[in-house]
There are 2 protein chains.
Amino acid sequence: MPDKVRLHPAIDDGVVAGSESFSGGTLTCLCTDRPVKVRIDGQVAHNHACGCTKCWKPAGAIFSIVAVAPTANVHVTENGDKLAVVDPSALIQRHACKACGAHMHGPVERDHAFKGLTFVHTELSKDKGWQAPQFAAFVSSVIESGVPPREMDGIRGRIREVGLEPYDCLSPALMDVLATFAARKAGMLRE
Amino acid sequence: MPDKVRLHPAIDDGVVAGSESFSGGTLTCLCTDRPVKVRIDGQVAHNHACGCTKCWKPAGAIFSIVAVAPTANVHVTENGDKLAVVDPSALIQRHACKACGAHMHGPVERDHAFKGLTFVHTELSKDKGWQAPQFAAFVSSVIESGVPPREMDGIRGRIREVGLEPYDCLSPALMDVLATFAARKAGMLRE
């Protein structure tokens, strides 16, 4: 019997529901010495599995799990001197620990629908109650990380099996937000 | 009772099945004087509704219906002097009739997963048997043409009602083709 398709440790055994009353927590990088710590006030939103090649993933995972929080709610509290921006030209300014490589916070600062939001990986926190992943984004992009194309049916099937809907871009709600932003900029929004 | 959501005349009353034995036909632009004619040998593939802002649509439609054929099978047979490329910088070199505006053929000539294919609108042909639309692509993009965001639920619902699956990019199969091409170029394809 073939092994189950492994997506990411946080969802491979099923998606864990978040807590309605969750009030925030702290992300810690993988370093045992002088770990970077980032406090997030309040809950995250739009948590999802992401197949893009740029998001940070734990070893062996083919998807990342990534959410957003208002940038004003995200605070580097310890050892911020270890952080560096992975790609200054990218929309998401991913601040990674130079020692362990974990991405600790990724604000969007450019004029964009997501401006004012910061991308974070709640799996870097031991606190319980973070929002559960809601969908899987950029699924086809895992091929660009080296996943054989013939495995895609199994991967999409497994994503549905754990209770998420697979998309090859973002979710319809977020794609509508992006299109609305573009329409507003182009003067095409009639209301 | 509110009117039914109108997507495109070719699918508003249901999707019409194509013919397995269809052997090709001729597209004619909207001009009554000296119409441009384009012959396509054989059937088209990947026919779909498209919400992007660049594809040609008949008046009043919020989606276009567009398919591909091998470029070698597409021949301008009459009045090709009336054609001009809409946007020479675009991936799809859309050749439009300068008089009526209809896009008659759009070859992909650049190094790309779709190189060697030409985009065509079979609704410009009176021949019967063309492949039916298979899915709806770039659905969220209709907002960029002026569709109010609050209408999107109704639009996605109506797309499903006529038997098509709505995507905000291309279909999973085509997105995998694009990712496979990117992976091959980047040397990431293991097989």
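Mentor: Buried area is the accessible area (1.4 Å probe) that two parts lose on being put together, summed over both. Between chain A and chain B it comes to about 2100 Å², with carbon and sulfur atoms giving 56%.

Trainee: What kind of model are we looking at?

Mentor: It's a predicted model, where local features need pLDDT of at least 70 and side-chain atom pairs count only at pLDDT 80 or more, while totals for chains, interfaces and linings use all residues. Side-chain values use heavy atoms, leaving out hydrogens and water; residues are numbered from 1 along each chain as its sequence is written, and chains are lettered from A and ligands numbered from 1 in the order in which they are written.

Trainee: How many residues of chain A are in contact with chain B?

Mentor: Contact means heavy atoms within 4.5 Å. By that rule, 25 residues of chain A are in contact with 25 residues of chain B.

Trainee: What makes B:Arg156 and A:Asp176 a salt bridge?

Mentor: You need a side-chain nitrogen of Lys or Arg within 4 Å of a carboxyl oxygen of Asp or Glu. Here N to O is 2.7 Å, so the pair passes. The rule finds two salt bridges across the interface of chain A and chain B. There's also a salt-bridge network linking A:Arg156, A:Asp168 and B:Asp176.

Trainee: What about the rest of the structure?

Mentor: The whole structure has 20 salt bridges over all chains. One of the pairs is A:Lys54 with A:Asp87, whose closest N and O atoms are 3.6 Å apart.

Trainee: Why do we say that the A:Lys54 and A:Asp87 pair ties parts together?

Mentor: A:Lys54 sits in the loop between E3 and E4 of chain A, and A:Asp87 in the loop between E6 and E7 of chain A, so the pair joins parts that are 33 residues apart in sequence. Strands here are DSSP runs of E with at least two residues, helices are runs of H or I with at least four, and both are numbered from the N terminus.

Trainee: Why is A:Lys54 called partly exposed?

Mentor: Buried means under 20% relative accessible area, exposed means over 50%, and partly exposed is in between (1.4 Å probe, protein chains only). A:Lys54 is at 45%, so it is partly exposed, and A:Asp87, at 26%, is partly exposed too.

Trainee: And which class do A:Arg6 and A:Asp12 fall into, buried or partly exposed?

Mentor: Their side chains meet in a salt bridge at 3.5 Å, N to O. A:Arg6 has 48% and counts as partly exposed, whereas A:Asp12 has 4% and counts as buried.

Trainee: Which cysteines does UniProt list as "binding site"?

Mentor: The unreviewed entry lists A:Cys29, A:Cys31, A:Cys97 and A:Cys100; such annotations may be inferred rather than shown by experiment, feature names are shortened, and positions follow the numbering used here.

Trainee: How do you know that these residues cluster in space?

Mentor: They are spread over 72 residues of sequence, yet the largest C-alpha distance is 8.6 Å. A:Cys29 lies in the loop between strand E1 (24-28) and strand E2 (37-41) of chain A, and A:Cys100 in the loop between strand E7 (95-97) and strand E8 (103-107). Leaving out residues up to four places away in sequence, A:Cys29 touches residues including A:Cys97 and A:Cys100, and A:Cys100 touches A:Cys29, A:Leu30 and A:Cys31.

Trainee: Why is A:Cys29 called buried, and why is A:Cys100 called partly exposed?

Mentor: A:Cys29 has 5% relative accessibility, so it is buried. A:Cys100 has 25%, so it is partly exposed.

Trainee: What makes strand E6 (83-85) and strand E10 (136-137) of chain A edge strands?

Mentor: Two strands pair if DSSP finds at least two bridges between them. In chain A an open sheet of seven strands runs in the order E6-E7-E8-E9-E4-E3-E10, with mixed pairing. E6 and E10 each pair on one side only, which is what puts them at the edges. Inside the sheet, four bridges join E3 (residues 45-50) to E4(A), running antiparallel, and A:Ala49 stands opposite A:Ile65.

Trainee: Which residues touch the most other members of the largest nonpolar core?

Mentor: A nonpolar core is a set of buried Ala, Val, Leu, Ile, Met, Phe, Trp, Tyr and Cys residues joined through side-chain atoms within 4.5 Å. This one has 30 residues, and A:Phe114, A:Phe119, A:Leu170, B:Phe114, B:Phe119 and B:Leu170 touch the most other members. Strand E4 (64-70) and helix H3 (172-185) of both chain A and chain B each give two or more residues to it.
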